Amino acid sequence: MTELMIEAEHVRKVFGDVVALDDVSLRVPKGTVMGLLGHNGAGKTTLVNVLTTVLPAESGRASVAGNDLTTAPDKVRSSIGVTGQFASVDELLTGRQNLILVARLLGASPGQARERASDLLELFDLADAADRKASTYSGGMKRRLDLATSLLGHPEVVFLDEPTTGLDPTSRVSLWEIVERLVDDGTTVLLTTQYMEEADRLADSITVLSNGSVVAAGTAAELKADVGQRTVAVTLTGESDPAAALESLRRKGLRPMNEKPQRALTIPVGAASDVAVVVRALDDVDAEVSELNVHEPTLDDVYLALTRTKTAA
Amino acid sequence: MTTTTERPTRTDAPADAWGGTSMVTQITVLTGRSLRALRDPRMLIMSILQPLIMLTLFSQVFRSVAESPNFPKDLDYIDYLMPAILVTTGSQAAMWAGVGLANDLKNGALARFRTLPINMMSVLAARSLFDMVRNGLQLSILLIAATLLFGFGPAGGVLGVLAALALALVIGWGLAWVFLALAAWVRNLEVMQMIGMVAMFPLMFASSAFVTTDSLPGWLRVIAEINPLTYAIDASRGLALGDPSWSPVFGALITSGVIAAVGAVFAFRGVRKP
Ligand SMILES: Nc1ncnc2c1ncn2[C@@H]1O[C@H](COP(=O)(O)OP(=O)(O)O)[C@@H](O)[C@H]1O
Ligand SMILES: [Mg+2]
């Protein structure tokens with residue numbers, strides 16, 4: 001079995017009447033990305049705070065990089081890097097000074113701190129702005145500085161709380177590339193996001209949080225298979241008979257979404273091979289197709305379906 | 001990062017190369033960080049302006065106090081006033097430690113520190129130390145101004161004045177912890193500054209700072225006589241005038257220590273909350 005870098009069991013956290021985390025468990029193997037997906041108030045930041053020793057949990061247990069959160073919080077803090085939801089850079093200092101300060105606090109000598117700061121400024125494309133006050137940085141630059149600061153101590157586990165919220169598309173993509181390179185190096189990443197696209201692209205496995213509870217967990221593909229529906233959308237040519245086509249599809253055991261015959265038909269299918277059944281059914285009645293598209297379920301569908309059932313329950 | 005193929009981690013030292021650091025180093029590094037702010041002299045000038053104006057006004061306005069029958073004979077009013085200004089200015093400056101911490105809480109610097117393998121007490125201690133350095137600078141400038149412009153030259157001589165300065169710094173340091181605790185829990189600059197003003201101004205006037213307590217009207221005298229600031233000011237005055245009475249001096253030192261300890265407990269608990 002691969003080494004688990006984050007392991008949480010039955011974690012619970014309440015703020016007064018609000019149950020921010022309710023019996024949350026998750027496991028993240030070494031060198032993988034866990035995507036924590038949830039809307040505002042789902043409990044993502046609270047979970048990150050608990051796992052980074054910032055907040056104590058009410059009950060449950062968790063360990064990060066093999067160290068228990070409650071018995072060895074200092075060891076946990078030595079092995080993690082955290083980029084919070086809100087920028088945590090000292091705006092009165094320059095980018096370089098920010099990095100040197102944190103490196104020194106991590107135990108680097110002044111020389112080591114300067115060297116590591118220069119390396120990271122280069123890597124994060126901040127070399128030109130290195131000696132300007134951070135208050136003059138753009139949102140994307142502050143994010144990069146924040147992330148660079150989190151990586152100073154070569155952390156084994158990196159926590160990123162909504163790292164791309166509020167970033168322009170270019171900055172977002174460059175941040176994704178950084179995360180991908182981190183993971184290539186064997187770093188374990190827990191990333192929270194409200195964007196399905198982001199989880200889909202970066203995460204090896206996804207945990208969906210809603211109102212403090214885990215409502216789904218698995219790989220992106222598993223979630224889609226569980227909840228989402230694959231559909232085939234066909235558009236018939238003007239010469240074809242939609243009524244005959246609909247009839248033929250039903251005879252094959254398919255259940256088109258259209259009640260009445262129309263030129264545009266939508267047919268839910270199970271396995272990918274069922275697409276062939278659709279084609280044969282149409283062929284049987286000589287219906288000619290001008291357009292055919294297979295729609296894979298997106299994480300959005302998964303998320304919507306999950307949160308809908310949760311609210312209804 | 002567009003063209004680079006290097007890796008953002010593990011470019012040099014292995015993961016466990018930096019094994020954290022001692023509290024002494026933490027405090028030194030963090031105090032050094034704050035000291036950078038002093039390179040910009042505007043803040044220091046601003047914080048000296050108010051006591052300088054007070055010194056100018058009060059040394060003129062209250063000059064007649066020196067002629068009143070309750071006032072010690074052969075004592076220049078400026079020699080009476082200045083030790084009090086040291087204490088009141090030093091106490092007011094304690095608020096700046098809280099302002100600094102509240103800023104750190106707001107801009108996220110504290111959020112970063114919470115996830116680092118450091119003791120949060122180091123962060124607070126560094127704030128209080130920096131505030132003491134800043135306070136020392138400010139009070140020294142005031143002393144020089146008082147000596148050159150207003151003829152301040154008490155009987156205690158340089159040693160007496162330095163002792164009064166040290167006492168004012170300790171008192172300011174003790175109070176700084178109250179403001180650190182306030183900042184950690186209130187986390188609102190305006191509210192904190194309000195509390196600072198509302199608490200300090202009445203305490204300052206209902207005390208022996210500007211006039212002897214016997215010359216105050218009845219009810220005000222009662223307040224002045226139980227006001228801890230009166231004891232601190234009397235202690236400072238005794239040192240500067242070369243006639244120290246040791247019980248207020250020790251009283252002020254011990255009280256400052258107790259206030260610092262209580263403030264530290266609350267500040268530590270408050271500052272760890274995200
Ligand atoms: N310090 C706090 N005090 C009270 N309630 C809080 C606190 N922090 C978070 N909450 C509540 O806990 C829930 C989860 O919040 P959070 O973890 O910030 O969600 P997310 O990061 O997913 O948006 C929300 O209902 C929020 O209002
Ligand atoms: Mg959040």
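Which protein donors does the magnesium ion (ligand 2) have? I started there. This is a predicted model, where local features need pLDDT of at least 70 and side-chain atom pairs count only at pLDDT 80 or more, while totals for chains, interfaces and linings use all residues. Residues are numbered from 1 along each chain as its sequence is written, chains are lettered from A and ligands numbered from 1 in the order in which they are written, and side-chain values use heavy atoms, with hydrogens and water left out.

**Entry: the magnesium site**

I found A:Thr45 (OG1) and A:Gln85 (OE1) as the protein donors, lying 1.9 to 2.2 Å from the ion. Donors here are N, O and S atoms within 2.8 Å of the metal (3.2 Å for Na, K and Ca), and water is not among the atoms, so sites may look incomplete. The two come from distant parts of the chain, 40 residues apart. A:Thr45 sits in helix 1 of chain A, and A:Gln85 in the loop between strand 6 (80-83) and helix 3 (95-105) of chain A. I took helices (H or I, at least four residues) and strands (E, at least two) as DSSP runs, numbered from the N terminus.

Then I looked up cover. Buried means under 20% relative accessible area, exposed over 50%, partly exposed in between (1.4 Å probe, protein chains only). A:Thr45 has 29% relative accessibility, so I log it as partly exposed. A:Gln85 has 22%, so it is partly exposed too.

Contact means heavy atoms within 4.5 Å.

The open sheet has 4 strands in the order 2-1-4-5 (chain A), with antiparallel pairing. Its edge strands are strand 2 (18-29) and strand 5 (67-68) of chain A, each pairing on one side only. Two strands pair if DSSP finds at least two bridges between them. Strand 4 (residues 59-64) and strand 5 of chain A have 2 bridges, antiparallel. I noted that A:Ser63 has A:Asp68 in strand 5 of chain A as its bridge partner.

Which phi does A:Ala65 have? It is positive, about 50°, although the residue is not a glycine. A:Ala65 sits in the loop between strand 4 and strand 5 of chain A. Its relative accessibility is 16%, so it counts as buried. A:His10, in strand 1 of chain A, also has a positive phi, near 50°. At 48% relative accessibility, A:His10 is partly exposed.

I checked strand 7 (residues 157-161) of chain A, and 5 of its 5 residues are buried. A:Val157, A:Phe159 and A:Asp161 point one way, A:Val158 and A:Leu160 the other. Strand 7 of chain A pairs in the parallel sense with strand 6 of chain A over 4 bridges. It also runs parallel to strand 8 (residues 188-193) of chain A, joined by 5 bridges.

**Entry: A:Leu93 and helix 3**

A:Leu93 belongs to the loop between strand 6 and helix 3 of chain A. At 4% relative accessibility it counts as buried. Leaving aside neighbours within four places in sequence, I listed its contacts, including A:Asn98, A:Leu101, B:Arg33 and B:Arg36. A:Asp131 is 38 residues away in sequence, with 8.8 Å between the C-alpha atoms of A:Leu93 and A:Asp131.

Helix 3 of chain A has several buried residues, among them A:Asn98, A:Leu99, A:Leu101 and A:Leu105. What covers them includes helix 4 (110-123) and helix 5 (139-151) of chain A, together with helix 1 (23-35) and helix 4 (109-114) of chain B. Just after helix 3, A:Gly107 takes a positive phi of about 110°.

**Entry: chain A overall**

I counted 11 helices and 13 strands in chain A. The C-alpha atoms fill a box of roughly 80 × 45 × 40 Å along the principal axes. Buried residues make up 52% of the 313 residues.
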